[in-house]
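My notebook is open and I want to go through this model one piece at a time.

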Number of protein chains: 2
Amino acid sequence: MKDVAHHAGVSTATVSRVLNGHATPTPETRARVLAAIEELGYRPNALARSLRTTSTKTFGLLISDLVNPFFAEIARAVEEEARAHGYCVVLANADESAEQQATYVRALLDRRVDGLLVCPATDDPSWLDEVIASDVPLVLLDRTVQGATCPVVRADGAQALADLAQCLIRAGHRRIGVIAGPADTSTGRERLEQFSAALGGLAVDVVHGDFRRASGARAAAELMDLPERPSVLVAMDNLMGLGALEELRRLGLVVPADVGLAVYDDQPWFPLLDPPITVIAQPTVEMGHAAARSLLALIAGEQPSDVQLNARLIERGSCGEVDRG
Amino acid sequence: MKDVAHHAGVSTATVSRVLNGHATPTPETRARVLAAIEELGYRPNALARSLRTTSTKTFGLLISDLVNPFFAEIARAVEEEARAHGYCVVLANADESAEQQATYVRALLDRRVDGLLVCPATDDPSWLDEVIASDVPLVLLDRTVQGATCPVVRADGAQALADLAQCLIRAGHRRIGVIAGPADTSTGRERLEQFSAALGGLAVDVVHGDFRRASGARAAAELMDLPERPSVLVAMDNLMGLGALEELRRLGLVVPADVGLAVYDDQPWFPLLDPPITVIAQPTVEMGHAAARSLLALIAGEQPSDVQLNARLIERGSCGEVDRG
DNA sequence: TTGTAAGCGTTATCAT
DNA sequence: ATGATAACGCTTACAA
């Protein structure tokens, strides 16, 4: 910057003014400075600038699992909305681990992001104190944590789960196996509760997984090993659904003849299976956009309210019709 | 930091020394400082630290398309390896756009990342000059660009494509439709060339896509609309393969009876289709790890050589057997 | 072992 | 309209 100033015969202050589009510099000095910048290939140091202005024009986005396409889509949407408003997104991947999440929260805070979007790995609220202390604006995405007072953006699956319950009961299912998410995540608990509630008194067999593929396979194996086999399986996330599908295949079980299957989260390949899989689809793109906008609002000093988007059931025939012979 | 120093009755220099694990501070002053840090909830400002030390302990990772699971897996692996060596990864998503890529290269350079990993969206080398000028270490991942002199980590598909060609010819295919990647990407060109070469004189019908889903559907439609229909389609990337699958389904065509299909990139759901899809699998995790290690080496002043991992054919039956009646 | 002070590359205040 | 200059929060000679 000093070089540029020298080259243009001005002070660094003027260079700064040109850089930041201030009104003051005269058109001709502006031209001289711009020429010098061009010639020297000068690029401002964002670190120094941020140190001075206390603004990094950067969001931190903490994702629970990057290889989960549900989160990848959300991340893409967040980044899209952020970019439209002049913000960069630093993406960190917690891999469904609470410790990694805490580590990254700290790393992002230390790097002075202007705002934080977190898809919490677990309910554990211990990391919250640090971000509150730093008073960096925070928005929770997809999942909540205990006692958080910040805006939350999530999909409401109650209606969709009720629809699914109806659909299964109508099809004659009386033994339902649920591959639930972790009990220490809000989505894991809620989906299970809402589904159970919608089922009325009907009991379900529940095995908890961890929202990842292998756990879906394990859970499916366990459920199909029960003395009284379920006639349909409901996987509460797409990766566990994938694992379940793999396990059923391995066991030589045919969907829906031997056992039905429904999955939470839609994926483009679900309709390609035989039979196409019945799913509950979440509005990922809208969630990402809404979350970024909430954070923007928070930064602008507003008080954005929570956002609840609706998930919806897409029936495709993988839940079959139970033979009532 | 000044507060901490006051609180502990020392100077900021001593606080700094404690923070950075220097040998000098006496155990008891160290304890006092640590206590003060704890009590005040002090967190060092990474920006200021980086400004001073010119090291951010951060890699920039520029991905061509985050919702492409191939890149998501790579990103995860890069992050994993980087974390193991004390580096954070800032992930940016170019969405297969050259302009967005250039924008992000600049943003990452300005933020003074210690190294850059780029999966180039196109061959366009214009952004290269800026990173060379900045002399931030650079590693190219998956794709190369014209005239780049930096280490490259990629998968070599020549053998796998030759195997696939053999497999198709053996099955009796004589009209092969290729859904190729963009001609302005190295992987787009190479895969097509290597496959054509392996086919010997046999002509192929080629339609270029953009490595994304919709283009795969369009290309499949175009190929199946040819006066002489191909008996098998080869999609040179998993997203275009997905699109092709969707289009074939829409057209009411059955794989492999009506038309065979092979796809570059494996995905967990390919084996679940009926028939399971024959694919060429790339070692994504190894690629991510290798790339991160190459960058680490570059930063350490070494001269890592290019890395070529082998892709491999996995035959699963979606290419059928042509009826030679 | 510890403190003083300069400097990293900016921006912003205050003069001019 | 422009130029000195202090300050942002940290690290590191150098001195004590």
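Entry 1: I started with the surface near DNA strand C and sorted its residues by class: 10 are nonpolar, 11 polar and 3 charged. This is a predicted model, so I'm reading everything here as a prediction. In total, 24 residues surround DNA strand C. The closest are Met1(A), Ala13(A), Ser16(A), Asn45(A) and Ala48(A). Which helix gives the most to this surface? I looked, and α4(A) does, with 5 residues.

Entry 2: I found 25 residues around DNA strand D, and the closest are Ala13(A), Met1(B), Ala13(B), Ser16(B) and Asn45(B). By class I get 10 nonpolar, 11 polar and 4 charged residues. For the helices, I noted α2 (12-19) and α4 (46-53) of chain A, plus α2 (12-19) and α4 (46-53) of chain B, each with at least two residues in the surface near DNA strand D.

**Entry 3: two copies.** How are chains A and B related? I laid chain A on chain B: a turn of 180° with a shift of 0.0 Å along the axis does it, and the RMSD is 0.0 Å. The two copies are thus related as by a two-fold rotation axis.

**Entry 4: where they meet.** I counted 37 residues from chain A and 37 residues from chain B in the contact. On the chain A side, α4, α5 (69-84), β2 (88-93), α6 (98-110) and α11 (238-250) each supply at least two residues. The largest share, 6 residues, comes from α5(A). I sorted this side by class too, and got 22 nonpolar, 4 polar and 11 charged residues.

**Entry 5: domains and core.** I wrote down three domains for chain A: domain 1 (2-44), domain 2 (54-155 + 284-310) and domain 3 (156-282). The centres of domain 1 and domain 2 of chain A, taken over C-alpha atoms, are 37 Å apart. Then I turned to the largest nonpolar core, which has 182 residues. Nonpolar side chains tend to be buried together in soluble globular proteins. Among the core residues that touch the most other members are Leu117(A) and Leu117(B). I followed Leu117(A) and, leaving out residues up to four places away in sequence, found that it touches Phe59(A), Leu61(A), Leu62(A), Val78(A), Val139(A), Leu141(A), Ala291(A) and Leu295(A).

Entry 6: Asp95(A) isn't a glycine, yet it has a positive phi of about 55°. Asp95(A) lies between β2 and α6 of chain A. Is Asp95(A) buried or exposed? I counted 20 other C-beta atoms within 10 Å, and 20 or more means buried. Phe211(A) isn't a glycine either and has a positive phi of about 70°. Its loop runs between β7 (204-208) and α10 (213-224) of chain A. Phe211(A) is buried, with 27 other C-beta atoms within 10 Å.

In chain B I noted a cis peptide bond between Val255(B) and Pro256(B), with omega about 0°. Pro256(B) sits in the loop between α11 (238-250) and β9 (260-264). Another cis peptide bond joins Asp274(B) and Pro275(B). I found Pro275(B) in the loop between β9 and β10 (278-281) of chain B.

Terms used. Residues are numbered from 1 along each chain as its sequence is written. Chains are lettered from A and ligands numbered from 1 in the order in which they are written. This is a predicted model: local features need pLDDT of at least 70, side-chain atom pairs count only at pLDDT 80 or more; totals for chains, interfaces and linings use all residues. Copies are superposed by least squares on the C-alpha atoms of residues with pLDDT of at least 70 in both. A residue is near a molecule or strand if its C-beta atom, placed from the backbone, lies within 6 Å of it. Helices (H or I, at least four residues) and strands (E, at least two) are DSSP runs, numbered from the N terminus. Ala, Val, Leu, Ile, Met, Phe, Trp, Tyr, Cys and Pro count as nonpolar, Asp, Glu, Lys and Arg as charged, and the others, Gly among them, as polar. A nonpolar core is a set of buried Ala, Val, Leu, Ile, Met, Phe, Trp, Tyr and Cys residues joined through C-beta atoms within 7 Å. A residue is buried if 20 or more other C-beta atoms lie within 10 Å of its own, exposed if 12 or fewer, and partly exposed in between; C-beta atoms are placed from the backbone. Two residues are in contact if their C-beta atoms, placed from the backbone, lie within 7 Å. Domain bounds come from an automatic or database domain assignment.
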